[in-house]
Amino acid sequence: VPQVAPRSQTMGATSEDEGSTGDALDIVLYLFVLGPAVEWCLKSPRVNRGRPGSWRGVSLAVLLLALVAAGKMAWESGTREPNHFETLGVRVDAGTAEIKRAYKTESLKYHPDKTDDPAAPAIFMRMQRAYETLKDPSSRDAYNRFGGKSGDDESGGMTGAAMFYAIWLVLGYLLTMGRASEDARTWAFSGLLALAVVEYQTRVLKYDYLAMVLPHTTVHEKLELLHRLFPPFLHGSRMISQVVFRDIGVYNKMLVEQMHVKVDELGKLAYATQREIAKQGIARPSGVAAPLAAAADGFAKLGGEKAADAAVGAAAPSVARASSGAAVAGAGAESAADQEAAAKQAAAREAAVRAVAARA
C-alpha cells in the first residue's frame, strides 16, 4: 500500500500535463487545420456549385467537424485510465452484492500469491481501491456523478462544472463578437444552455441518458466527453456563421442603387421617345392618354440626350402599344370624325416610334 500514493500522484501530474498538451493541440487543430478546411468546404466552387455557403458546403463542413471530434473523443477514451466500475467489470447501476461478487472473482485472478504475472500486484491494488469506493452506496453514487479518486469529490465536481460554464460563456461571447458571428453566438449559447440542462438533470436529478449506450462509463466521464465536444461545436459554428453571413444593410443599399440605375434608364428612354414624337410633328395625346404624356415628361427630366437614341429601341414597342391604346380609349366618347382623327394620330405616333426603333 505505501507504494500506491506516489504512483497515483505521478499519474495525476501526468494527466494534468497531458490535459495541457491536449488543449494546446486543440487550438492548433481548430485554428490552423480545421479552419482552412472548413473555409474550403464553404467557399469552394466545386463543392458549392457556384454558390458559396450553400447547404452542400455547410453539410460537408459539419460532417468534417463531427468526424474529427468523434475521432478525438475515441482516442481520448481509449487512452484514459479505467474507472472503478470498469476495473471490476460491473455496470454503473450494479448493486453492492454484485460488486462484492465481482471483486472476489477478479481479485483471485490477480492476487500476487495466485499468479506470477509482473503486472498482477498493480492490478490487484487498483481493484482494492475500486472496491473500497464502490462497496458503500453513498460513495459509489458520489463517484459515479462527480468523479474523484474515492468518490468524495462532490464539491470539487460541482465547482469544476461551474467553472466550465463560466469560462466558456465568456470565451463564447468574445469569440463571437461582431455582426458576422451573430448566428454563431446564438448557436453556441443555445448549445451551452442545452448542455447545462442535461448536466443538471444528470448530476442533480440522477437521470442517466446514456446508461444504455455506455453502461460501464460513469456519469462524470460522460459529461466530460460532452464538455470536450463543446469547443469544436463553438469553433465550427463561428466559422460557418462568418462564411454564410449576409449584411442586410449592404444588401438593401445595393438594391436601392440598382433601382436608381433602372429609373435613370427609364427616364432616358422616355426623353428619347418624346423627342422623336416632337420631330414627327404629332399632337400631344388628350383624354385618357394625357396622364401618360405627363408621366413621360416627368421621366424625361431625369434623362439626357446622349444615351436616349441608343436605348429607345428597347422601349419602342411598349410605348407604341400604350400610345395606341390610350388614343383609342380617349376617342370612345367622341364623334366619328374625332375617332377617325385620333386613330390617324395614333397610327402616326406608332410609325414614328417604329422609325426610332429601326434606326436603333
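**A patch on the surface**

Reply: Met163, Ile167, Leu169, Val170, Leu171, Tyr173, Leu174 and Met177 form a nonpolar patch on the surface, and together they have about 750 Å² of accessible area. Patches are made of residues with over 30% relative accessible area and no salt bridge, where like charges are joined within 9 Å and nonpolar side chains (Val, Leu, Ile, Met, Phe, Trp, Tyr) within 5 Å. Accessible areas come from the Shrake-Rupley method with a 1.4 Å probe, and for residues only the protein chains shown count as cover. This is a predicted model, in which local features need pLDDT of at least 70 and side-chain atom pairs count only at pLDDT 80 or more, while totals for chains, interfaces and linings use all residues. Residues are numbered from 1 along each chain as its sequence is written, and side-chain values use heavy atoms, with hydrogens and water left out.

Me: Where is Met177 found?

Reply: Met177 is in the loop between α8 (154–175) and α9 (182–203). Helices (H or I, at least four residues) and strands (E, at least two) are DSSP runs, numbered from the N terminus.

Me: OK, and how many helices and strands does the protein come to?

Reply: The secondary structure comes to 14 helices and 0 strands. Of the 360 residues, 32% count as buried, where buried means under 20% relative accessible area, exposed over 50% and partly exposed in between (1.4 Å probe, protein chains only).

Me: Which residues have the most contacts inside the largest nonpolar core?

Reply: That core has 14 residues, and those with the most contacts inside it are Phe85, Leu88, Val90, Ile99, Tyr103, Met127 and Leu134. The elements giving two or more residues to this core are α4 (84–88), α5 (96–110) and α6 (120–134), and α6 gives the most, with 5 residues. A nonpolar core is a set of buried Ala, Val, Leu, Ile, Met, Phe, Trp, Tyr and Cys residues joined through side-chain atoms within 4.5 Å.

Me: What is Val90 in contact with, leaving aside its neighbours within four places in sequence?

Reply: Val90 is then in contact with Phe85, Glu98, Ile99, Ala102 and His216, contact meaning heavy atoms within 4.5 Å.

Me: New topic: how many salt bridges are there in the whole structure?

Reply: A search of the whole structure finds 7, a salt bridge being a side-chain nitrogen of Lys or Arg within 4 Å of a carboxyl oxygen of Asp or Glu. In one of them, Asp141 is joined to Arg145, with the closest N and O atoms 2.9 Å apart. Asp141 and Arg145 are 4 residues apart in helix α7 (residues 137–146), so about one helical turn separates them.

Me: Is Arg145 buried or exposed?

Reply: Arg145 is buried, with a relative accessible area of 11%, whereas Asp141 counts as partly exposed at 25%. Asp141, Arg145 and Lys206 are linked in a network of salt bridges.

Me: And how many aromatic pairs does the structure hold?

Reply: The structure holds 7 aromatic pairs. The rings of Phe85 and Tyr143 have their centres 6.1 Å apart and their planes at 40°, so this pair is tilted. Rings of Phe, Tyr and Trp (its six-membered ring) pair if their centres lie within 6.5 Å, and planes under 30 degrees apart count as stacked, over 60 as edge-to-face and the rest as tilted. Phe85 lies in helix α4 and Tyr143 in helix α7, so the pair ties together parts that are 58 residues apart in sequence.
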